[in-house]
Amino acid sequence: MKFKRTLKALALGSALTLGLSACATNGGASSSGESNDSGSTELTMLVPTYSDATKGLWEKVIKGFEAANKGVKVSLEVVSWDDLDKTVATRIQGGKAPDIYNGGDFTSFVSEELLYPISEVTSPETLDDFTDSFIENASVDGVQYGAPLIASARALFANQDLLDKAGITEWPKTWDDLKAAALKIKETTGKSGYGLPLGSEEAQAEAAIWFYGAGGGYGDASKLTIDSAKNIEAAQYIKGLYDAGATQPDPQASQRTPLLDVFVQGEIGFQIGLPPTVKQIKETNPDLNYTVGSIPTKDGSPFTLGVADHLVAFNTGGEEKKEAIKAFFDYFYSTDVYTDWVTTENFLPTTDSGNEKMSSNEDIKAFLELLPDANFYPSANPHWQDAAVSMKQNFGLVITQDPADVLKKIQSEADAG
């Protein structure tokens, strides 16, 4: 599943620069038609496809919004994630930036001064409802430009039958606990204790579980810290899991999605999963006896890796359009409308009211409890995309090489851009 795809500044740079020449002189990104001849305000909306339900969900939202806001019309365009970057770049270049846009990283747009701060296009009530842990990731230089749309978080899945056979009665809170439990599963059942996907699909995510769990991380908007001492310690721990026989035989070649399939079929004791993993289990192996809980860290402190996509508003000019965008955001983030959208797409809410309403959903309860302790990728850092690419290509080498050398190589490639 393509949950988050970030826009790489290098790829969009020329298009954005050309786009500015076609922008209105009011400092915003120009767009065709603020209002039509009948006096109604028209908004354009560009969004990616999350599932087969996405287009219908947005059409339902728009129908309800237009019924409650006479005189405002919303034109929806839905494209694949693969086409999203190209589509928005072309729209900007042609002076037809969408008024509302749903994507991953938006820092390139901020640097070109194309977006409204989100406080200008939401009511104070809507703005205050966003869960605190998502605000920093939605901001650039302390200004929030993104309205957090949906979230995903990671949690530890466990095969309860394997735990029972191995005599494991307590949830592993620390790295030592996890390693001991994984080895016990291997020794008593012959199954892999921990599923460790270090292949190119999402190595940066698996690494983040351990980096942040050691008190390290990728850094922030101004500096990447891939080869920090704490990250090296985390990579050494991962190598130690493999060397001890606690993982599957080939972690460096293992991709997350196929390995989760192996877990769902009952062949792995522990593995990091996502909210859609629950749905996958229900559909492909409903008899699996499993448990979902917190991710073990070095010292047992709570943590999860969070990922969020955002809605942003391009400043296409005009108070009428600005007020219409504000009305749309306030309508969409109203509790019932928003939670219906999020629930159908099988994600997590990014609002406190949404969290409260969905807290009784047992399928996502464990993930919701982890969200306040979420850490995020430093997507506002201009070198983050280079770092992510290098992580996918090289991080699996920690299994066979000196982890410190591997991380130094990745750091160097990220810094070089």
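Student: Is Asp336 buried or exposed?

Tutor: Relative accessible area tells you: under 20% is buried, over 50% exposed, and partly exposed lies in between (1.4 Å probe, protein chains only). Asp336 is exposed, with a relative accessible area of 53%. Keep in mind that this is a predicted model, where local features need pLDDT of at least 70, side-chain atom pairs count only at pLDDT 80 or more, and totals for chains, interfaces and linings use all residues. Residues are numbered from 1 along each chain as its sequence is written, and side-chain values use heavy atoms, leaving out hydrogens and water.

Student: Which residue does Asp336 meet in a salt bridge?

Tutor: Side chains of opposite charge can pair when their charged atoms come close. The cut-off for a salt bridge is a side-chain nitrogen of Lys or Arg within 4 Å of a carboxyl oxygen of Asp or Glu. Here Asp336 pairs with Lys357 at 2.5 Å, N to O. Lys357 is partly exposed, at 43%.

Student: How many salt bridges does the structure hold?

Tutor: There are 14. In another one, Glu202 bonds with Arg154, with the closest N and O atoms 2.9 Å apart. Both Glu202 and Arg154 are buried.

Student: And what about the nonpolar core?

Tutor: Picture buried Ala, Val, Leu, Ile, Met, Phe, Trp, Tyr and Cys residues joined through side-chain atoms within 4.5 Å. The largest such core has 70 residues, and Trp58, Phe314, Phe328, Phe332 and Trp341 touch the most other members. Apart from it lies another core, of 53 residues, including Ala205 and Ile410.
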